[in-house]
Amino acid sequence: MESQLVREHPAEQVYTSTRARIVALLGPLTVVAGIIWAIVQPARLTLLHPYHQGFWWLLIEGPLLVAIAGIAFAVFVARPLVAELEGDDGAA
Amino acid sequence: MEPPSEMVHWLFGMCLLLLGLIMIAEVIVGPEVWRRRAWRIYLWPGIAFGLGVLMWPVMTFFTNSAIHMVAHGAWAQALMVMGGAELGLAKGKLTSRWWKLATPVGLAVSGGAFLVHEQNGWFFARSAFLHHLVGWTLIGASLFTLALVFRPRSVFFKSAFALTVVALSVMLFSDRDLAPVFGHLSPLAGPPHR
């Protein structure tokens with residue numbers, strides 16, 4: 001069915017946009033995992049209680065490393081990939 | 001001035017998490033879309049090669065014993081050969097599909113290195129448990145990649161490998177220098193901290 005108000009999306013287009021959404025979610029979900037870890041184990045974020053901590057304990061924070069991996073993936077890999085997939089959608 | 005070894009595991013865990021996400025994304029979008037940008041095909045082999053290079057400072061600065069040095073050195077070489085072979089295949093300089101065998105071999109050597117340099121039992125401490133678990137998981141992952149040599153387009157084996165890499169990163173983030181595992185901590189290990 002197709003009218004000015006309702007248009008059926010081809011199956012391939014729906015599949016592509018679903019893939020784009022999943023890829024776009026991977027980075028933010030990873031960041032959320034890091035935030036949940038920080039909430040569950042706040043002692044792991046030594047920046048919150050920096051006194052009497054050594055250099056490495058202040059520099060390397062487990063939950064932040066998880067969030068950094070998620071952000072790096074979202075910005076450098078997922079964003080261009082999603083743009084290409086959405087470009088496919090637009091062209092379809 | 002060296003970082004505690006648990007932090008080295010976390011840094012490698014971060015790189016593996018990024019690697020796992022990249023591999024999952026590749027499985028989701030499929031090889032045709034993934035290969036549209038030339039730089040993307042070098043991502044995971046490049047990271048694997050880089051991890052091999054980074055193993056050399058680990059070998060140099062965390063040499064607790066001869067077996068540690070041998071294990072880390074063999075591991076560094078295996079990862080570099082694995083990454084290098086995959087880079088060669090991605091670039092097209094290597095054409096024989098048998099070069100793909102470098103990945104299962106590299107992972108098996110990595111797993112063996114983990115198992116060999118952990119001389120305590122599973123429940124000695126958390127780090128010992130995780131070294132055993134990571135070692136066997138890497139050997140399991142090598143079977144997935146071995147299957148990919150013969151079925152290179154299998155979504156199942158690609159997904160299994162990608163998810164195993166993410167699981168490995170979780171294991172590395174769980175590492176602590178001295179902590180109990182499931183309530184077990186050998187008195188020989190010393191007092192737990194953090």
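Chain B contains seven helices and zero strands, helices being DSSP runs of H or I of at least four residues and strands runs of E of at least two, numbered from the N terminus. Along the sequence, the elements of chain B follow the pattern α-α-α-α-α-α-α. The radius of gyration of chain B, 17 Å, is close to the 16 Å that the globule rule gives for 194 residues, so chain B is as compact as a globular protein of that length; the radius is taken over C-alpha atoms, and the rule is 2.2 Å times the number of residues to the power 0.38. Taken along the principal axes, the box filled by the C-alpha atoms of chain B is roughly 55 × 30 × 30 Å.

The model is predicted, and local features need a pLDDT of at least 70 and side-chain atom pairs a pLDDT of 80 or more, whereas totals for chains, interfaces and linings use all residues. Residues are numbered from 1 along each chain as its sequence is written, while chains are lettered from A and ligands numbered from 1 in the order in which they are written. The pLDDT, the predictor's confidence in each residue on a scale from 0 to 100, averages 90 in chain B, where 99% of the residues score at least 70. In chain A the average is 84, with 79% of the residues scoring at least 70. For the complex, the predictor gives an ipTM of 0.87 and a pTM of 0.89.

Chain A has three helices and zero strands, arranged along the sequence as α-α-α. Of the 92 residues of chain A, 26% are buried, a residue being buried if 20 or more other C-beta atoms, placed from the backbone, lie within 10 Å of its own. In chain B, buried residues make up 41% of the 194 residues.

The two chains meet through 20 residues of chain A in contact with 18 residues of chain B, contact requiring C-beta atoms, placed from the backbone, within 7 Å of each other. On the chain A side, the elements that give two or more residues are α1 (11-40) and α3 (62-91), and α3(A) gives the most, with 13 residues. By class, this side of chain A comprises 16 nonpolar residues (Ala, Val, Leu, Ile, Met, Phe, Trp, Tyr, Cys and Pro), two charged residues (Asp, Glu, Lys and Arg) and two polar residues (the others, Gly among them).

The largest nonpolar core has 66 residues, of which Ile22(B), Ala25(B) and Leu79(B) touch the most other members; such a core is a set of buried Ala, Val, Leu, Ile, Met, Phe, Trp, Tyr and Cys residues joined through C-beta atoms within 7 Å. At least two residues of this core come from each of α1 and α3 of chain A and from each of α1 (5-34), α3 (43-61), α4 (66-91), α5 (102-116), α6 (126-150) and α7 (155-173) of chain B. The most is given by α1(B), with 16 residues. Leaving aside neighbours within four places in sequence, Ala25(B) is in contact with Val23(A), Leu26(A), Val77(A), Ala78(A) and Leu81(A).

Helix α6(B) has 25 residues and reaches 37 Å from its first C-alpha to its last, close to the expected 36 Å, which is 1.5 Å times one less than the number of residues. Buried residues of α6(B) include Phe129(B), Leu130(B), Val134(B), Leu138(B) and Phe144(B), and the buried residues of this helix pack against α5 and α7 of chain B.

Terms used. Buried ≥ 20, exposed ≤ 12 C-beta atoms within 10 Å, placed from the backbone.
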